[in-house]
Amino acid sequence: MSSEPSQNGDSPAQKPLHELLSSTLVDIYVGEENSHYPLHEKLLCHHSPFFSSIFYNKSNKASRTKEFGLPELDDNVFALFVGWLYSRAIRSPEEEKDIGPLLDLYFLAAKLDIAALETEIVELVRAFYHTNETYPGLRRVQYVYANTEADNVMREMMVGSVARFLTLSDSIPEHWAKALKKNGQLSVDIIRSIQQWHLEARQVPDARDASVDRGRNTFKGAVGFSVEEGRSEMADVKEE
């Protein structure tokens, strides 16, 4: 039976590490400095359809030379990937600053078509914010939007988190208000996320009903939505 991974994007069936440590090595050169990573071909191609299409394609020069370069990648991120490749483990984030490298590894996993690694990172990031009772900051969300396409799982998880944060807040932080005015897609995605909550009609205030409070409060002479913008400008909001 072939050891090549599925070409349809599905995660390959798991195999013990010793079965994937073939005698054949491939040479991967990463970053501007051409950092050299000699990796087991069978292991690499088993987990990554991207590399499988390169080294198992006889019409490809790399299948003969067993060399491939990724000059656009960050060396540190690829080193994280190699650590996962041989250990199948990723260190859980302990601080907000640990999220950045995980996101970079997530983008690399998407490039290499490794669905299992993508899923694992999403769950680690999700668990971090849930356990610490915090939410993704604006810069994190913008970074994910800049590096992913629509219907991306990481993007949807972060947008869903932000939707909850904004819905439960008394006001919209000024930096978020500015970002939402500029990024229409982010605003639309937040609304879509709220729609997926499938709230019952009785749980949502009806502004058409004159018998209920419609929330038109006042703040320093302002009335309506501008009240919340005024409050957000007065708040000391931490970004990440």
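This is a predicted model: local features need pLDDT of at least 70, side-chain atom pairs count only at pLDDT 80 or more; totals for chains, interfaces and linings use all residues.
Q: Is Phe 128 buried or exposed, then?
A: Phe 128 has 7% relative accessibility. That is under the 20% cut-off, so Phe 128 counts as buried.

Q: Which helix is Phe 128 in?
A: Phe 128 lies in H7, which covers residues 115–131.

Q: What does Phe 128 touch, leaving out residues up to four places away in sequence?
A: The list is Pro 93, Glu 94, Glu 95, Glu 96, Ile 99 and Thr 134.

Q: How far is Phe 128 from Ser 92?
A: In sequence, 36 residues. In space, 8.0 Å from C-alpha to C-alpha.

Q: Now the helix pairs. How do H6 and H7 pack?
A: Their angle is about 155 degrees, and the axes are 9 Å apart. That makes H6 roughly antiparallel to H7.

Q: Is that crossing left-handed or right-handed?
A: H6 passes H7 in a left-handed crossing.

Q: Which residues make the contact?
A: H6 brings Ile 99, Leu 102, Leu 105, Tyr 106, Ala 109 and Ala 110. From H7 come Leu 117, Glu 118, Ile 121, Val 122, Leu 124, Val 125, Phe 128 and Tyr 129.

Q: What classes are they?
A: The contact of H6 with H7 has 13 nonpolar residues, no polar ones and one charged.

Q: What about H8 and H9, at what angle do they pack?
A: About 150 degrees, with the axes 10 Å apart. H8 spans residues 138–147 and H9 spans residues 153–168. The two are therefore roughly antiparallel to each other. Their crossing is left-handed.

Q: Which residues of H8 and H9 make that contact?
A: On H8, Arg 140, Val 141, Val 144 and Tyr 145. On H9, Met 154, Arg 155, Met 158, Val 159 and Val 162.

Q: And how do those residues divide?
A: Seven are nonpolar, none polar and two charged.

Q: Switching to the largest nonpolar core: how many residues does it have?
A: It has 54. Ile 28, Phe 78, Phe 81 and Met 154 have the most contacts inside it.

Q: Which helix gives the largest share of this core?
A: Helix H6, residues 99–111, with eight residues.

Q: Back to Phe 81. What does it touch, again leaving out residues up to four places away in sequence?
A: Phe 81 touches Leu 44, Leu 105, Leu 108, Leu 112, Ile 114 and Leu 117.

Conventions: Residues are numbered from 1 along each chain as its sequence is written. Side-chain values use heavy atoms; hydrogens and water are left out. Axes are lines fitted to C-alpha atoms, for helices over the stretch in contact, and angles run from 0 to 180 degrees between N-to-C directions. Helices (H or I, at least four residues) and strands (E, at least two) are DSSP runs, numbered from the N terminus. Angles under 35 degrees count as roughly parallel, over 145 as roughly antiparallel, 65 to 115 as roughly perpendicular and the rest as oblique. A crossing is left-handed if the near helix is turned anticlockwise from the far one by less than a right angle, and right-handed if clockwise. Contact means heavy atoms within 4.5 Å. Ala, Val, Leu, Ile, Met, Phe, Trp, Tyr, Cys and Pro count as nonpolar, Asp, Glu, Lys and Arg as charged, and the others, Gly among them, as polar. A nonpolar core is a set of buried Ala, Val, Leu, Ile, Met, Phe, Trp, Tyr and Cys residues joined through side-chain atoms within 4.5 Å. Buried means under 20% relative accessible area, exposed over 50%, partly exposed in between (1.4 Å probe, protein chains only).
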